[in-house]
Structure formats: structure tokens, C-alpha cells
Amino acid sequence: MATIEECRAALEKLSDTMANADGDVRDAAALDRSVSCHITDLDVTFVCRLTGGRIDVRDTVPGPPPEKAQIRLAMSGDDLVALVGGALNFATAWGTGRVRLEAGLLDLFRLRKLL
């Protein structure tokens, strides 16, 4: 089971990858949105901000998200680490329910370029 530190490191790696992306991926990452990433097996939530093409982790709180973020993710810590590391395909994980993603329709259209 992934630790909180490993999950935070995965989010930082994802942020670095997004910041160094080109083309459509960079455009999709240029959103300015609140983000929550609930790690279900650890029952913690990373409260983040997507801005300037990066994910800024602002806080880690116990339990589910304290407020409804504009982009909401939920998954196990192992799945987060596997997704960022390339061992798990997002579409497959989302289609099988291992990853939950909730966002407004326009954000979903832009985010599909990232995923």
C-alpha cells in the first residue's frame, strides 16, 4: 500500500510532467482550477490548485474533501502511483471504476488531452 509521502511524490511528478509538456497537453494543463485527490485506502485528501500548468498541493486533510473542488479525483494510493508511473492506463482504470473523476463538462473535454 502506497504511503502519503509516495502519493505526494506522485502528484509532484505529475505536476513536473505537465509543466514540461508541449502542444495540446500543455494547453489542457493551463487550466486554473481547484483540485482534490482523495486517496481512498489512506482516507486522506490532497487539496490542490491546478494553475500555470502545475499541480500545487496546498494541504493534506484526513477523510474526504472538505469542500467540493472543480476537479475531483478519487483512487487508491497504489493506483495513483501506478498511473503517474505509467503502469496503469487512465482510461482502463476509469472504465473499471478504480479511478473516479468528476468535473464540469468543459473541463472534462480539456482534461481528456491530459489523460
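Contact, in these legends, means heavy atoms within 4.5 Å. The structure is a predicted model, in which local features need pLDDT of at least 70 and side-chain atom pairs count only at pLDDT 80 or more, whereas totals for chains, interfaces and linings use all residues. Residues are numbered from 1 along each chain as its sequence is written, and side-chain values use heavy atoms, with hydrogens and water left out.

**View 1. Surroundings of F46.** F46 touches I4, C7, R8, L11, V35, S36, C37, I39, V57, D59 and T60, residues up to four places away in sequence not being counted. F46 is also among the residues with the most contacts inside the largest nonpolar core, together with I39, L50, I71 and L80. This core has 28 residues; a nonpolar core is a set of buried Ala, Val, Leu, Ile, Met, Phe, Trp, Tyr and Cys residues joined through side-chain atoms within 4.5 Å. Buried means under 20% relative accessible area, exposed over 50%, and partly exposed in between (1.4 Å probe, protein chains only).

**View 2. The five-stranded sheet.** Helices (H or I, at least four residues) and strands (E, at least two) are DSSP runs, numbered from the N terminus; two strands pair if DSSP finds at least two bridges between them. Five strands form an open sheet of mixed pairing, in the order β3-β2-β1-β4-β5. Strands β3 and β5 (100-103) stand at the edges with a single partner strand each, so one side of each has no neighbour in the sheet. S36 lies in strand β1 and is buried, with a relative accessible area of 2%.

View 3. Strand β2 (residues 44-51) pairs with strand β3 (residues 54-62) in the antiparallel sense, over eight bridges. T45 has V61 in β3 as its bridge partner, and T51 stands opposite R54. Two residues separate the strands of this hairpin, and G52 in the turn has a positive phi of about 60°. In the loop between β1 and β2 lies D43, a residue other than glycine whose phi is also positive, near 50°. Most residues other than glycine have a negative phi.

**View 4. Helices across the sheet.** Angles run from 0 to 180 degrees between N-to-C directions, and axes are lines fitted to C-alpha atoms, for helices over the stretch in contact. Helix α1 (residues 4-19) lies across β1 (33-39), β2 and β3, running at about 160° to β3. The buried residues of α1 are C7, A10, L11, S15, M18 and A19. Helix α3 (residues 77-85) lies across β1 and β4 (71-75), at about 110° to β4.

**View 5. Salt bridges.** A salt bridge is a side-chain nitrogen of Lys or Arg within 4 Å of a carboxyl oxygen of Asp or Glu, and six are found in the whole structure. The side chains of D16 and R54 meet in one of them (2.6 Å, N to O). D16 lies in helix α1 and R54 in strand β3, so this pair ties together parts that are 38 residues apart in sequence. D16 is partly exposed at 37% relative accessible area, and R54 is partly exposed at 35%. R98 forms another salt bridge with D79, the closest N and O atoms being 2.5 Å apart. R98 belongs to the loop between α4 and β5 and D79 to helix α3, 19 residues apart. R98 is partly exposed at 42%, whereas D79 is buried at 9%.
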